[in-house]
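Q: Could we go through the cavities, the pockets and the ligand in this structure?
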Amino acid sequence: MKIGFIGLGNMGAPMAANLAAAGHDVSGFDVAGTTAKGVSSATSAVEVADGADIVIAMLPNGDILRAVAAEVIPTMRAGTTFIDCSTVDVDSARAVAAMAEAAGILCVDAPVSGGIGGAAGGTLTFMAGGSEAAFASAAPLFDIMGQKVVHCGDAGAGQAAKICNNMILGATMIATCEAFALADKLGLERQKMFDVVSTSSGFSWSMNTYCPAPGVGPTSPADNGYTPGFAAELMLKDLGLSQQAAAAVDADTPMGQRALELYRQFVEDEDGKGKDFSAMLPRFETRGRS
Ligand code: NAD
C-alpha cells in the first residue's frame, strides 16, 4: 500500500518505520524535518498525500490536525482513508471526519496508548472511531503498528475512549502517589505497601505495572530518575481534553478536574515539566497538608 505519514515525532517516526518494515511504500513529512527508517522524505504534507491509499497523521493537537487535514484532504482520491492517531479533542476529530466525508474520503480517529516503547515495538493499543468501512480499511495497518485495536463507535469515539481512560489514569496515579507519601509518614515500608495494595482492592495499573516508588514493583520510570515514559505535560494535555469534553456535554467530573489542577500546578509551578507523570510521588513527599 502507498502510505503518507504526517508527523514523524517520538511516536510517529517509529510507527511509520514499522509500516515501512512491513513492506509498505511509506513517505513521511514533518515540519521539523525529522525522518524515519525506511520512509522516504517529502517536502510537504500535500506531497505525502498525493497518490496515497492511506494518510496517517500523528500530530501534537487538534488545531494542527484541523489545519493539516484541510490541506491534505482535498489532495486525496475519493475512497482512500485518512487516519488520525494523535490525541486531540473530540470536536476536532468529528470536524475532520465531516471534512473527509464531504470529500468522499474514509476517516478514522485512532488515538493510541502504549507510549514510545509501544510505538517502537509495534505493540500499541488503538481506540478507533469511524464507520465500519473506514475501520476495515485501516485495520491491517493497526495490526502492524499495534497488538490490540477496539472499534469504539462512530467518529470521535476513539478520542472519547482515550480521554476517559487517561482521566482515570491521571486520578489513579495521584491517588497512588499520595497514598505512598502517607504510608512513608506513617512509617510503613514501601515494599510492604506494594505487597499489600498490589494484591488488594487498591490495585491499579499505576500501582502494579508502573509503580511510582523507585525500587518497588516492575521496572518503571521511577527507577530511572522519573525520565519519561509518559511526561507530566502530556498527562496535563489529556486531562485538559477530558475537562473540555466534560464541559461540552455537561458531565460532572470532579476527580478529573482536581487531577487537571494538580498536574497543571506540577508542570507549571513545581518543576514537573519534562518529568514522568509518576514524579507526583516525590512532589507529595516534600509537602505537608497546606
Ligand atoms: P512529538 O511532539 O514528538 O511529535 C509531533 C510531531 O508533529 C513533531 O515532530 C512536530 O514537528 C510535528 N508537526 C507539528 N506540526 C506539524 C505539521 N503541521 N505538519 C507536519 N508535522 C508537524 O509528539 P509525540 O510524542 O510523537 O505525540 C504525538 C501525538 O501522540 C500527540 O497527540 C500525543 O498526545 C499522542 N500520544 C503520545 C504518547 C507518548 O507517550 N509520547 C502516547 C500516546 C499518545
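**Cavities, pockets and ligand**

A: The structure, which is a predicted model, holds one cavity of 30 Å³ or more.

Q: How much space lies in the largest cavity?
A: The largest cavity has about 30 Å³ of space.

Q: Which residues line the largest cavity?
A: Its lining is made up of Asp84, Ala93, Val96, Ala97, Cys107, Val108, Asp109 and Ala155. Both α4 (90–102) and β6 (106–109) supply at least two residues of this lining.

Q: And how does the lining of the largest cavity divide by class?
A: The lining has six nonpolar and two charged residues, with no polar residues.

Q: Turning to the ligand, where does it sit?
A: The ligand sits in the largest pocket.

Q: Which residues come nearest to the ligand?
A: There are 22 residues around the ligand, and those that come nearest are Asn10, Met11, Asp30, Leu59 and Lys237. By class, the shell has 13 nonpolar, six polar and three charged residues.

Q: How much of the accessible area of the ligand does the protein cover?
A: On its own the ligand has 830 Å² of accessible area, and the protein covers 83% of that.

Q: Back to the largest pocket: how much space lies in it, and how many residues line it?
A: The largest pocket has about 1,300 Å³ of space. It is lined by 46 residues, of which Met11, Met58, Gly115, Phe230 and Leu234 lie nearest its centre. Elements giving two or more residues to this lining include β7 (112–113), α5 (115–121) and α9 (205–208).

Q: Which element gives the largest share of that lining?
A: The largest share comes from α7, with six residues.

Q: What about the second largest pocket: which residues are closest to its centre?
A: The second largest pocket has about 400 Å³ of space. Of its 14 lining residues, Glu178, Phe284, Arg287, Gly288 and Arg289 are the closest to its centre. The largest share of this lining also comes from α7, which gives five residues. By class, the lining has five nonpolar, three polar and six charged residues.

Notes
Residues numbered from 1 in each chain as written. Predicted model: local features only at pLDDT ≥ 70, side-chain atom pairs only at ≥ 80, totals over all residues. Heavy atoms only, no water. Near = heavy atom within 4 Å. Areas by Shrake-Rupley, 256 points an atom, 1.4 Å probe, with all protein chains shown as cover. 1 Å grid on protein atoms, 1.4 Å probe; cavity = no way out; pocket = protein on both sides within 12 Å on 5 of 7 lines; lining within 4 Å. Sits in = over half its atoms within 2 Å of the grid points. Nonpolar A, V, L, I, M, F, W, Y, C, P; charged D, E, K, R; others polar. Points joined across faces, edges and corners; volume = space filled by probe spheres on them. Helix = DSSP H or I, 4+ residues; strand = E, 2+ residues; numbered from the N terminus.
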